[in-house]
Amino acid sequence: MKIFELAMLLCFGASWPMSIYRSYTSRTTGGKSIFFLWLVLIGYFSGIVYKTSTGFDYVSYFYIANSLMVMADIALYYHNRELDRKKAIG
């Protein structure tokens, strides 16, 4: 049933803004797993592929929104990794 799929996406989607905010304000990769972030993104992309192959519906937009938030967190991870390297050098 779509309502449970939507509930799952809303619950996960509610956590991504907090994760992005933490990544942005901490300016470090400490406590982050890039492997986990990539796995989650692959999962969301898999959901998008499934949705587009079986009939794009309103739930598909939540997969896309969550994917965009994970991509933002991944970008911040790589940015923060560079900041970590610069701190370690000098």
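Me: What makes a side chain of the protein chain positive or negative here, and how far apart do the centres of the two sets lie?
Reply: Lys and Arg count as positive, Asp and Glu as negative, while His and the chain ends are not counted. By that rule the protein chain has 9 positive and 5 negative side chains, with the centres of the two sets 7 Å apart. Each charge is placed at NZ of Lys, CZ of Arg, CG of Asp or CD of Glu.

Me: And what sort of model is it?
Reply: A predicted one, where local features need pLDDT of at least 70 and side-chain atom pairs pLDDT 80 or more, though totals for chains, interfaces and linings use all residues. Residues are numbered from 1 along each chain as its sequence is written, and side-chain values use heavy atoms, with hydrogens and water left out.

Me: How many helices and strands does the protein chain have?
Reply: It's 3 helices and 0 strands, in the order α-α-α.

Me: What span is expected for helix α1?
Reply: The rule is 1.5 Å times one less than the number of residues. With 25 residues (2-26), α1 is expected to span 36 Å, and its reach from first C-alpha to last is close to that, at 36 Å.

Me: Why is glutamate 5 called buried?
Reply: Buried means under 20% relative accessible area, exposed over 50%, partly exposed in between (1.4 Å probe, protein chains only). Glutamate 5 has 18%, so it counts as buried. This residue of helix α1 touches Lys51, Val59 and Tyr63, leaving aside residues up to four places away in sequence; contact means heavy atoms within 4.5 Å.

Me: Which helices do the buried residues of α1 pack against?
Reply: Both α2 (34-54) and α3 (58-89). Among those buried residues are Leu6, Leu9, Gly13 and Trp16.

Me: Why does arginine 27 count as partly exposed?
Reply: Its relative accessibility is 42%, which puts it in the partly exposed class. Arginine 27 sits in the loop between α1 and α2, and has a positive phi of about 55 degrees despite not being a glycine.

Terms used: Helices (H or I, at least four residues) and strands (E, at least two) are DSSP runs, numbered from the N terminus.
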